[in-house]
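Hi,

Here is the structure I promised to pass on. Have a look at it first, and then read my notes below.

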Amino acid sequence: MNFPAFTDTYRQKGERKLLAAQLQKKGINDEKVLAVIAEVPRHFFFPKDFWDHAYEDKAFQIGAGQTISHPHTVAYQSQLLGISEGDVVLEIGTGSGYQTAVLLALGAEVYSIERQEELYEKTKALFNQLKLEAYLFFGDGSKGLAEKGPFDKIICTAGAPTIPTNLLAQLKITGKMVIPVGDEKNQKMNLVTRISEKEFHTQELETFRFVPLIGEQAW
Ligand code: SAH
């Protein structure tokens, strides 16, 4: 990726490679996902004063009381989805846009919703500047985005009390959804596969701590 609007130094490129190696040690084994972590400049999605911290495996404040997810979380959710070129993906919780950029780099067509107007505006301006082509929406993602669905993949980057039924309804048959489900403190990553019109297979995986999904079909 080459974005003339921002600097991307050899040091930052090197740090990204180290980050990808670190994530591999933590169990990420999808080569495409690791290559994308090494490719997408995470610092572009960070407040400039904190660029030095962009390649640590940490979450970070991005404004409006929200955080950019840990690189490990982004890689983990992306790996579970198993994105193929051309997959139509719905993301709930655009936030900084980093996860969105990772999905784009994996070849997806991305529809992403954010409920904090300030973050939506900021990330939209950033995507224009970086010439990143995702469809960004302002609104309550717990209701999904019926007019653009059904989706091959759905990713929710905020913690939900239960899986919103609208999201299940907007998943294609054979489609997959990753969503953290639990209470305010801890959530289990759920991987849902739609088997048929009425059947879903749900796997409960590792524990995470996300900011809450707030909306009609959420907290
Ligand atoms: N993927 C983002 C994660 C941001 S944190 C990143 O790595 O930067 C989760 C985001 O979900 C927050 O920005 C929060 O405002 C947003 N969110 C919470 N509830 C939402 C809802 N109902 N619809 C859309 N976005 C929501």
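A polar contact here is a pair of N or O atoms within 3.5 Å. By that cut-off, the ligand has one with Ile-214, because a nitrogen atom of the ligand is 2.7 Å from a polar backbone atom of that residue. Please keep in mind that this is a predicted model.

Let's stay with the ligand for a moment. Its surroundings are made up of 26 residues, and the closest are Ser-96, Glu-114, Asp-140, Gly-141 and Ile-214. Ser-96 has a polar side-chain atom 2.6 Å from an oxygen atom of the ligand, while Asp-140 puts a polar side-chain atom 2.9 Å from a nitrogen atom of the ligand. On its own the ligand has 570 Å² of accessible area, and the protein covers 99% of that.

Now for the sheet. Seven strands make up an open sheet with mixed pairing, and their order is E5-E4-E3-E6-E7-E8-E9. The edges are taken by E5 (135-138) and E9 (200-208); each has a single partner strand, so one side of each has no neighbour in the sheet. On average, neighbouring strands are turned by 15° against each other, direction ignored.

Ile-179 stands opposite Asn-190 in E8. Helix H3 (residues 71-81) lies across E6, E7, E8 and E9, and runs at about 150° to E7.

Two loop residues are worth a click as well. Gln-170 sits in the loop between helix H6 (165-169) and strand E7 (171-182). Is Gln-170 buried or exposed? Its relative accessibility is 8%, so Gln-170 counts as buried, the cut-off for that being under 20%. The side chain of Gln-170 reaches the backbone oxygen of Lys-143 at 3.2 Å. Setting aside neighbours within four places in sequence, the contacts of Gln-170 include Leu-90, Gly-144, Pro-150 and Phe-151.

The other one is Pro-161, in the loop between strand E6 (151-156) and H6. With a relative accessible area of 25%, Pro-161 is partly exposed. Beyond its neighbours within four places in sequence, Pro-161 is in contact with Val-181, Gly-182, Ala-218 and Trp-219. Pro-161 and Val-211 are 50 residues apart in sequence, and their C-alpha atoms are 12 Å apart in space.

Cheers

Terms used: Residues numbered from 1 in each chain as written. Predicted model: local features only at pLDDT ≥ 70, side-chain atom pairs only at ≥ 80, totals over all residues. Heavy atoms only, no water. Helix = DSSP H or I, 4+ residues; strand = E, 2+ residues; numbered from the N terminus. Buried < 20%, exposed > 50% of the residue type's maximum accessible area, 1.4 Å probe, protein only. Polar contact = N/O pair within 3.5 Å; in protein donor to acceptor, adjacent residues only side chain to side chain. Contact = heavy atoms within 4.5 Å. Pairing = 2+ DSSP bridges. Axes fitted to C-alpha atoms, helices over the stretch in contact; angles between N-to-C directions. Near = heavy atom within 4 Å. Areas by Shrake-Rupley, 256 points an atom, 1.4 Å probe, with all protein chains shown as cover.
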